[in-house]
Amino acid sequence: EDEPLLQPVDAVEHADGLITVLGMRFGGVAQAYDWGWYTLNSDGDFLAETHWGTDAWDLPVRTMLRNDTLWSVGTSYSTGAGDAWVTAHVWVNEAWSLVHSGAVGSTSLEEHVVDAAYMGDTLLVLTSILEPSRAQWTGVDPLTGEPFWTYESGWLDVTNAIAMDVQGASAVALMNVETEAGMRLAFAVIDATGSVTLEHLPGSGVSVAGCDVQWYSSGDF
């Protein structure tokens, strides 16, 4: 449709080929952005539409199907500052029904969610803190939002969180660091207990910025 403006950000397949697209739904300056879930059948026919949002700007990032529950993570400005926010839906009567919505380890600092994934029963949320500029990585209980552990990048230069990936009991985060010598890639690897097993800012003769990260074996990404 022409209105409101819809921008897809992620998608998940579920229930015999049904596909649900997570998107940003912009209804105008007064309504700001909301989250929307748009479900199609295996033939691409529209089935259902579900929305969540507040009077503030709400920006979705990632959706994941886990144990028949659709978990979605993004940023909400409902408290004034940007907070990591998580919602949970279950598929009932050919539509998604909201069963949980809440902040993830909310603080007074403005943070913007860039990625999320599950490692076992722990929801990992990667965010960029805007001031001072750094990356933050939090392992949380998805139902309560209480953090099990938190990682913060230690570089003094401007650091932007970019992406993450999980393999088994290890997770890797990619960051871009704006050093005096140019843009640099940075990596952190965390195990299931939240212990940092690698934190590295490789040197380079040229400016380089990363876009994504992925494990390709048990010990390499």
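**Close-up views of salt bridges and nonpolar cores**

A search of the whole structure, a predicted model, finds 4 salt bridges.

**View 1. Asp10, Arg62 and Asp115 form a linked network of salt bridges.** The closest N and O atoms of Asp10 and Arg62 are 3.4 Å apart. This pair links distant parts of the chain, with Asp10 in strand S1 (residues 5-14) and Arg62 in strand S5 (residues 58-66), 52 residues apart. Arg62 also forms a salt bridge with Asp115, where the closest N and O atoms are 2.9 Å apart. Because Arg62 lies in strand S5 and Asp115 in strand S9, this second pair ties together parts that are 53 residues apart in sequence. Asp10 counts as buried at 18% relative accessibility, as does Asp115 at 6%, whereas Arg62, at 22%, counts as partly exposed.

**View 2. Asp121 forms a salt bridge with Arg66.** The closest N and O atoms are 2.7 Å apart. Asp121 lies in the loop between S9 and S10 and Arg66 in strand S5, so the pair ties together parts that are 55 residues apart in sequence. Asp121 counts as exposed at 60% relative accessibility; Arg66 is partly exposed, at 23%.

**View 3. The largest nonpolar core contains 18 residues.** Leu124, Trp137, Tyr151 and Met175 touch the most other members. Strands that give two or more residues to this core include S9 (111-119), S10 (122-129) and S11 (134-140). The largest share, 4 residues, comes from S14.

**View 4. Contacts of Trp137 include Leu124, Trp149, Tyr151, Met164 and Ile190.** Among its other contacts are Val125, Ala173 and Ala188. A second, separate core of 14 residues includes Met64, Val73, Val104 and Tyr118.

Definitions and conventions:
Residues are numbered from 1 along each chain as its sequence is written. This is a predicted model: local features need pLDDT of at least 70, side-chain atom pairs count only at pLDDT 80 or more; totals for chains, interfaces and linings use all residues. Side-chain values use heavy atoms; hydrogens and water are left out. A nonpolar core is a set of buried Ala, Val, Leu, Ile, Met, Phe, Trp, Tyr and Cys residues joined through side-chain atoms within 4.5 Å. Buried means under 20% relative accessible area, exposed over 50%, partly exposed in between (1.4 Å probe, protein chains only). Contact means heavy atoms within 4.5 Å. A salt bridge is a side-chain nitrogen of Lys or Arg within 4 Å of a carboxyl oxygen of Asp or Glu. Lists of a residue's contacts leave out its neighbours within four places in sequence.
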